[in-house]
Amino acid sequence: MNYIIYIPTGLNSPMLEILLSEAQKLINMKKKVEIVLLNHDDIFACSKNIFSQKNISQASSEKIKLGLKTLKGNFKVDYIRIKDQYEKIINKTSFNSSEKFKNFKFENVDFGNAVFSSYVGLSRDTNFDGYLKTYSCKNLLISFLNIYFYFKKKIFNNKCKIILYNGRHNEARPIVRLCQNKKTLLNVLEFSGDGEKNIGVRRFINHLPTDLKDMEKIIKDFWKYSASKNNKCEYYFKYKKAGRIINDKASYILNQEKKLLPNGWDKTKKNIVYFTSSQDEYSCLGGIYDHTIYKNQHESIIKIVNSFKKLNDKSYNLFIRCHPYLEKVFWKYNQDIINIHDPKNKIFVVKPSSPVSSYEMLLQSDKVITYNSQTGIEAVYWEKPSIILGRRIYENLNCVYQPKNHNDTMNLIFRKNLKAKEKLGALKFASYWVEGGYTYNDFTGSMKLGYKFKKKNFSWSFATTLLS
């Protein structure tokens, strides 16, 4: 069997270091290893290069070259080329509406959602308001199609196992769907550190790390068969509260003032907090993620605010804590939420850049609302009633409230003495993300200091790249 390791960009870390470590492990085992790359001269549009810039493509290629030189042993390298513009397929696609575009499928593959994921991940333009959206998405789709047909031929001609990273964006999702449709063995690697041990590599067989049913089963099985059940995983939540770097490359609360609550906070009233999240990741997964009672997070906030005003219960305050990651998002949809601020009606918006402490708001709140933020499961651990309006993999761990419609949402918000659910579900969730991973001998480093393959950082001179 051939092992095909797909590295579409060198600019994602620890993706590059993890895939190289996987390749070295297989080479050491005397397996037939082929590494598939994007030919940088063709300038593929991908999640790290949504506007098809030559310099970004070259920088990616230089990092991959440094990585391949570090590999020891026998392996092959093959390149995907842009061989066709696929105009007939492109012309069937609508770029006028984000919803129409997201729904575009070809050969039962969710091309629209995957391209949208890449575009929005960098542009943050969830409403398709950008002037370059059509240019960008067309190029992303062309790249997607060339990758798709390359691997379609590859799978047809070879008995192989394909190994890639994450799988959500346009440069990788076509392969995930092909393998699922063709019953080809697929390993999707992902990394999620816990702030304590560097064992955060995960391996998902034939599905994405965001697939709800698969992930729910993995978490429950891990708790049942592997977890220590002695609650050592509780530091996961305590570290996040303290601002330790967990899951992400940065802590979003380090610039916040501990214990600081927003203006309008009144301990004599019921303080309800809606913690928003960045919508780009979950707005483009499609399928079960679209089965929600609201069209999206934005709509849920607008409807809740309007109902809150109508009910006019002076014993309640509604706070909307905008995610700090949205600080540099200047699109209209973000400003619309900030403009909701209406203290006279007991509606308070905390801006992304505010030094107000998100965790102090969580700890002092009476109830927490999220759409698909991880704060929803953190609230469970801190024994707060947690209401989730979107979809997350913890939704069926019997720890959050899931309203069936908007009226149900408002009833939960105003229900007196709504109790927090048992936090066992939060411990199950944390247990998998703390103890459910592994690492490689050749993979070292940290989120804070950077990751390494064979103790090497792959850096390059950007000035040299610009002049080349």
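Colleague: Which residue of β9 stands opposite F319?

Modeller: F348 in β9 stands opposite F319, and strand β8 (residues 316-321) pairs with β9 in the parallel sense over four bridges; two strands pair if DSSP finds at least two bridges between them. Helices (H or I, at least four residues) and strands (E, at least two) are DSSP runs, numbered from the N terminus. This is a predicted model, in which local features need pLDDT of at least 70 and side-chain atom pairs count only at pLDDT 80 or more, whereas totals for chains, interfaces and linings use all residues. Residues are numbered from 1 along each chain as its sequence is written, and side-chain values use heavy atoms, with hydrogens and water left out.

Colleague: What is the order of the strands in the open sheet?

Modeller: The order of the five strands is β9-β8-β7-β10-β11, with parallel pairing. Because β9 (347-350) and β11 (386-388) stand at the edges with a single partner strand each, one side of each has no neighbour in the sheet. Neighbouring strands of this sheet are turned by 20° against each other on average, direction ignored.

Colleague: Which strands does helix α10 touch?

Modeller: Contact means heavy atoms within 4.5 Å, and helix α10 (residues 297-311) packs on the sheet by touching β7 (270-275), β8 and β9. Axes are lines fitted to C-alpha atoms, for helices over the stretch in contact, and angles run from 0 to 180 degrees between N-to-C directions; the direction of α10 makes about 160° with that of β8. Helix α14 (residues 406-414) also packs on the sheet, where α14 touches β7, β8, β10 (367-370) and β11, and its direction makes about 155° with that of β10.

Colleague: How do the axes of α1 and α2 cross?

Modeller: The axes of helix α1 (residues 15-28) and helix α2 (residues 54-70) come within 10 Å and cross at roughly 25°. The two helices are therefore roughly parallel to each other, a term for angles under 35 degrees. In their contact, L16, L20 and Q24 of α1 meet K63, I64, G67, L68 and T70 of α2.

Colleague: Is V176 buried or exposed?

Modeller: Buried means under 20% relative accessible area and exposed over 50%, with partly exposed in between (1.4 Å probe, protein chains only); V176 has 0% relative accessibility and therefore counts as buried. This residue lies in helix α7 (residues 173-182), and, not counting residues up to four places away in sequence, V176 touches L164, G167, L186, V188 and L208.

Conventions. Angles under 35 degrees count as roughly parallel, over 145 as roughly antiparallel, 65 to 115 as roughly perpendicular and the rest as oblique.
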